[in-house]
Amino acid sequence: MADKQFDTIIIGGGPGGLAAASSLAAHQRVLVVEKDLWGGTCPNRGCDPKKMLYGVVESRVQDQRYAKHCLQGAAQIDWPALMAFKRRYTDSVPAGTEKGLQSSGVTTVHGAAQFQDAHTITVDAVHYTAANIILATGAHAAKPDISGAELLGTSTDFLDMDTLPQTMAFIGGGYVAVELANIAANAGATVHLIQHNQHLLRAFPEAYTQRLAQIMADRGIIFHWDTSVAQVSTAPAGITLHFTDGQSLTVTKAFSAMGRPANTTDMNLAEIGVETTKGGIVVNDHLQTAQSHIWAIGDAVAKKQPKLTPVASFEGRYVAGNILQTTTAPIQYPVVPHVVFASPELGQVGVTVAAAKQAPDRYTVEEQDLSHWYTYNRIQDKTARVTTVTDKTTKRLVGAVVLAVAGEELLNYLSILIHQQAPASVLQQWIPVYPSVASDLSYMYH
């Protein structure tokens, strides 16, 4: 039994668990348990493969922007070749990730973990014990609780389709629905998006999401507003979605994109005193559960911070510091930018526009048209915009919303200014590459 005892057990081999394991490996005996693919959702079935598809699709969209001026003909997407391109990356992720863990001295076990007591788990009837346990179990795609829900695919299915369906539908109005609908439509499919109200991406300002919805509609995406799917049934041409308003829609394939609940079931968490809610595992400001030696990180946690890969990695490193006693303070998150890759990209960071407008004595909110900036004029992005939130007393940038081609680049620059608590005048002391998005920042503060 000696080889089954560890200092720390990490349940989940995704970005958060890997960050914790990497930080602990040189100091402890560490076990990582993964029941699915090593590396987790992001590199296998999430952000990484999605961005590979998006990059190719966005190249085609840029061709279309130039077509009115200097480029003749737009490239066509070869979907099977695009899948082969993606798989050349994703196919090597699980084995490479596990090998990396093992080479750093971490023990790996593949299988589902269940708690026997607060310090002991079993995997395939083998017991493992540790002084510390980190729950990094991630999340999964949700499906509606309706008849025929098993006929719906998820983002996992979409990102591994061998052929592109002629028609498809996405149920939901969040990140996954918007991003995958954009990829599919620009790859040549007829795409429908079903949303229960008239507001996409509820975390973003409605004025921006309405602009994005119009851009998507102009590209051919068909929106079905103010309705939900009540039932799904088979049809000769695919499946039929029956709406709550009495209408129906038949498509080749349909995908549920209705959120990602935390993976918290089938581990006996309640039996060992770890509390969970609809949002995930309940933790304190040190990411500890009710059992102080059990931490939770990443998408499995009930928290207000965005459930993103870099956030999970940040939390993994923080918890490792707690375990090694190099960190004792409560976790303090930096500003977290987040982006929807939708051709163009919609992103925001820091103080939200809604919060700023509720405190007009404290903040200045300014919206600017960026289409005249050199960069956006060069690439013919006629809808580029930014809204900034500035503290009236310190004159420091504290929040921003961006809608632009390659918006993540501009948002990263603005995030750095916010993180460094820098006033706009700092841009006068910076000599960036010219011409570039960075050099265009001077237009924002003139």
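Which residues in α12 meet which residues in α13? The legends below begin with this pair of helices. The model is predicted, so local features need pLDDT of at least 70 and side-chain atom pairs count only at pLDDT 80 or more, while totals for chains, interfaces and linings use all residues. Residues are numbered from 1 along each chain as its sequence is written, and side-chain values use heavy atoms, with hydrogens and water left out.

**Figure 1. Helices α12 and α13 meet through side chains named here.** E409, L410, Y413 and L414 in α12 meet V437, A438, L441 and M444 in α13, where contact means heavy atoms within 4.5 Å. Helices (H or I, at least four residues) and strands (E, at least two) are DSSP runs, numbered from the N terminus. The axes of α12 (residues 407-419) and α13 (residues 437-444) come within 10 Å and cross at roughly 65 degrees. Axes are lines fitted to C-alpha atoms, for helices over the stretch in contact, and angles run from 0 to 180 degrees between N-to-C directions. The crossing of these two helices is right-handed; a crossing is right-handed if the near helix is turned clockwise from the far one by less than a right angle, and left-handed if anticlockwise.

**Figure 2. The loop between α12 and α13 holds P435.** Y434 and P435 are joined by a cis peptide bond, with omega about -10 degrees. T375, in helix α11 (residues 374-378), is in contact with S436, V437 and D440, leaving aside its neighbours within four places in sequence. T375 counts as buried at 5% relative accessibility; buried means under 20% relative accessible area, exposed over 50%, and partly exposed in between (1.4 Å probe, protein chains only).

**Figure 3. Helix α4 has its buried residues on one face.** This helix (residues 79-90) has 12 residues and reaches 16 Å from its first C-alpha to its last, close to the 16 Å expected at 1.5 Å a residue. The expected span is 1.5 Å times one less than the number of residues. W79, L82, M83, K86 and T90 are the buried residues of α4. Seen down the axis of α4, these residues fall within an arc of 100 degrees, so they line one face of the helix; the arc is that of the directions from the helix axis to the C-beta atoms. An α-helix has 3.6 residues a turn, so residues three or four places apart point the same way. The cover over the buried residues of α4 includes α2 (41-45), α3 (47-67), α5 (93-103), α6 (155-158) and α7 (175-187).

**Figure 4. F158 belongs to the largest nonpolar core.** A nonpolar core is a set of buried Ala, Val, Leu, Ile, Met, Phe, Trp, Tyr and Cys residues joined through side-chain atoms within 4.5 Å. Of the 70 residues in the largest one, W79, F158, F170 and L414 touch the most other members. Helix α7 gives the most to this core, with eight residues. Apart from this core lies another, of 23 residues, among them I9, L31, Y128 and L269. Leaving aside its neighbours within four places in sequence, F158 is in contact with L53, W79, M168, F170, L180, I183, A184 and F255.

**Figure 5. Helices α1 and α9 form a right-handed crossing.** The axes of α1 (residues 15-24) and α9 (residues 309-323) come within 7 Å and cross at roughly 35 degrees. P15, G16, A19, A20, S23 and L24 in α1 meet T309, A312, S313, G316, R317, A320 and I323 in α9.

**Figure 6. P205 lies in the loop between β8 (190-194) and α8 (206-218).** P205 counts as buried, at 17% relative accessibility. P205 and V353 are 148 residues apart in sequence and 6.9 Å apart in space, C-alpha to C-alpha. Leaving aside its neighbours within four places in sequence, P205 is in contact with H199, Q348, V353 and V401.

**Figure 7. D124 and A406 are loop residues with a positive phi.** D124, in the loop between β5 (120-123) and β6 (126-135), has a phi of about 50 degrees although it is not a glycine. D124 is exposed, with a relative accessible area of 63%. A406, in the loop between β21 (397-404) and α12, has a positive phi of about 55 degrees and is not a glycine either. A406 counts as partly exposed, at 29% relative accessibility.
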